[in-house]
Amino acid sequence: MFKILEKKELAPQTYMLRIKAPEITKKAKPGQFVIFCIDEKAERIPITIADIDKNEGSITVLVQEVGASTLRIGMLKKGGSILSIVGPLGVPTHIEEKIGNVVCMGGGFGIAALHPIAKKLKELGNNVISIIGARSKNLLLMEKEMKETSTSLKISTDDGSYGQHGFVTDILKNLIEEGIKIDRIYAIGPVPMMRAVCNMTKPLKIKTYISLNPIMVDGTGMCGGCRVTVKGETKFACVDGPDFDGHEVDFDELVKRQAVYKKDEEISYKIAKEKQLMRKER
Amino acid sequence: MGDEKKKRPGREKMPSQNPKKRIKNFNEVNFGYTPEKAIKEAKRCIQCKNPKCNPGCPVNIKIPDFIDLIAKGEFVAAARKIKEDNALPAICGRVCPQEEQCEIVCVLGVKGEPIAIGHLERFAADYEREKNHVEIPKVAKPTGKRVAVVGSGPASLTVAGDLVQLGHEVTIFEGLHKPGGVLVYGIPEFRLPKAIVKAEIDYLKKMGVKIECNSIIGKLKSVDELLENDFDAVFIGTGAGLPYFMEIPGKNLNGVYSANEYLTRSNLMKAYLFPEYDTPIIRGKNVAVIGGGNTALDAVRTAIRLGADNGYIVYRRSKKEMPARDEEIMHAEEEGVQFHFLCNPVRIIGNKDGWVKAIECLRMELGEPDESGRRRPVPIEGSEFQLKVDTVVFAIGTGANPIIPKTTPDIKTSKWGTILVNEETGETSKRGVFAGGDIVTGGATVILAMGAGRKASAAIDKYLRDENKD
């Protein structure tokens, strides 16, 4: 069992959990993830490690309520515990000593996964230009943390309630048009956002790494549920990724595969939501 | 009726759930023998002076001895007799391919039906457990040696059980959140109830085996770290955790699974109880499972229980070459599984949203025997046909999971990624590290993994004692 040291609601239906997992902190590196299975009936869910505190022996993760199991994660409380956390999984993000001008792009919930990468890049002395965005101001995550780990931070919201009105790709476009030399991009966010970034950077040959979060079960390469086509070859995101060269990823297939359980997820989410409401009324 | 006449009586039939009923539930198919039936069956054994069944068993259970005890009505003693050589009898009695091992050599089989050794093994183990007669055997006095066992499937459980009895301290590291490996994620409830797996694992725990779940060796800790810090020897029994897919167009369409994923969702995650359990599974109406082994049959029979109207097996050889257990083939037939023998998929066809709508196959004929001794299937040109399906499950075998070899480069592997060992001892190229089961052989059976575990545990014990002498 893994003890919850802290839990906070960062934005509607988005939670931060700090959890005691000393063994995992000894090995975890930026870009890696863990798999949560909170109780006997829950699904196994991959979640990127957002922060590591080796002294305390804790990991921090952000969880967004998108289905039954994530809804139940959101209901956990400080002092409570989690049945299973497995990790660290996946290949750490490829970060060399010194890259130069690096643009870190985070969309919505993806900012949580981006943060440790930006932090590491800054530590290594890179010029980190971060662009983060969300649908609306109240959904923007980790602005303060990202500010600390970036040389400069730019923000966009879809509805214009904060920062520049529009998408993170609009800001990227401006940077490119201003003639800023970009040596590398790390983009993490919803698939349409990562795809838009790659469409923009591919003709310009700007190396763009993205982090995928497909459906997984075991996270160790055993089930093959997370397969993704990269450069015409089938890869398992859990052991070969989660990071890939975005210019080589088959996005069409990725989008389709993400929708496999859409109907089921709606059913189980509805049931879990009803149970949650009943509990609140009591 | 009339079975006590001059003619030698036939085998006692295993009572089982009616096929029409059982395809609507996940409960175990077989009920097991009653004491009366068990005694009757055991009495058929002629107690050969030089029994051939013993050597047929990969862990050398003293088969005539335990059958004799059942014939005398001493059921608990029979269970204990089996447990001298096999810590997991309730599991083996259910999933071993007896017809290829102990039963094939039974002399009664020459003119009639061989003794139902598997059914009797299961009976003795179930009787002991259900009547609360399980006793935890005394273990040898502590040797002070510590062994790490990686993985918790049949090979690992055997090693753990053997070594703990010899007085060594054993810790099992399991990657998933529940122990049991393939017994838990792979083999369905209707063939091997999970309560039985749990009982046999609890038995090991009571003997002193420690189990740490959520621990992926190679990620959380390396094999080197295990050896440096806490352990004197390491056994690797991580299984065949790498699914094979056919390299055909459409293999990544929605609705295409590896058997590993399909069965893990249903068995480990209990997706058949969705939405009571959170993990979903596609409940296909027309499901094609590719392959002819036990895993393929487990998958197609799961599909039928999940509500498929048509469950197909697509196998490139004929029924005779199917590696599955005879009983599973019989059960699958009773349950309405449709077999397409001598067929091989060439592509999977999808609709515009990326979902499977059909599978195209090519008919085959059998040519000359290949290296496995089975006749090689040869495609018949122009024989393509399509099966309308919405779900496809690949059960064409599994490879070795690469996590440990990748993170422990001094463990030598074959070109297929399996760990190379001395077959008699399970020793790897790395000192103090042993391996056995599917990580060495590639996908095989529970009992072969246990046999490898037995050899490795003897070698590990010797290694630890020799080390003491230094």
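Tutor: The model is predicted: local features need pLDDT of at least 70, side-chain atom pairs count only at pLDDT 80 or more, and totals for chains, interfaces and linings use all residues. Residues are numbered from 1 along each chain as its sequence is written, chains are lettered from A and ligands numbered from 1 in the order in which they are written, and side-chain values use heavy atoms, with hydrogens and water left out.

Student: Which residue in β2(B) stands opposite Val149(B)?
Tutor: Strands here are DSSP runs of E of at least two residues, numbered from the N terminus, and two strands pair if DSSP finds at least two bridges between them. Strands β1 (146–150) and β2 (169–173) of chain B run parallel and are joined by five bridges. The residue opposite Val149(B) is Ile172(B).

Student: What is the strand order of the open sheet in chain B?
Tutor: The sheet has five strands with parallel pairing. Its edge strands, each pairing on one side only, are β3 (210–212) and β16 (433–435) of chain B. The order is β3-β2-β1-β4-β16.

Student: How many salt bridges are there between chain B and chain A?
Tutor: A salt bridge is a side-chain nitrogen of Lys or Arg within 4 Å of a carboxyl oxygen of Asp or Glu. Lys221(B) forms one with Glu23(A), with the closest N and O atoms 4.0 Å apart. The count between chain B and chain A is five.

Key: Helix = DSSP H or I, 4+ residues; strand = E, 2+ residues; numbered from the N terminus.
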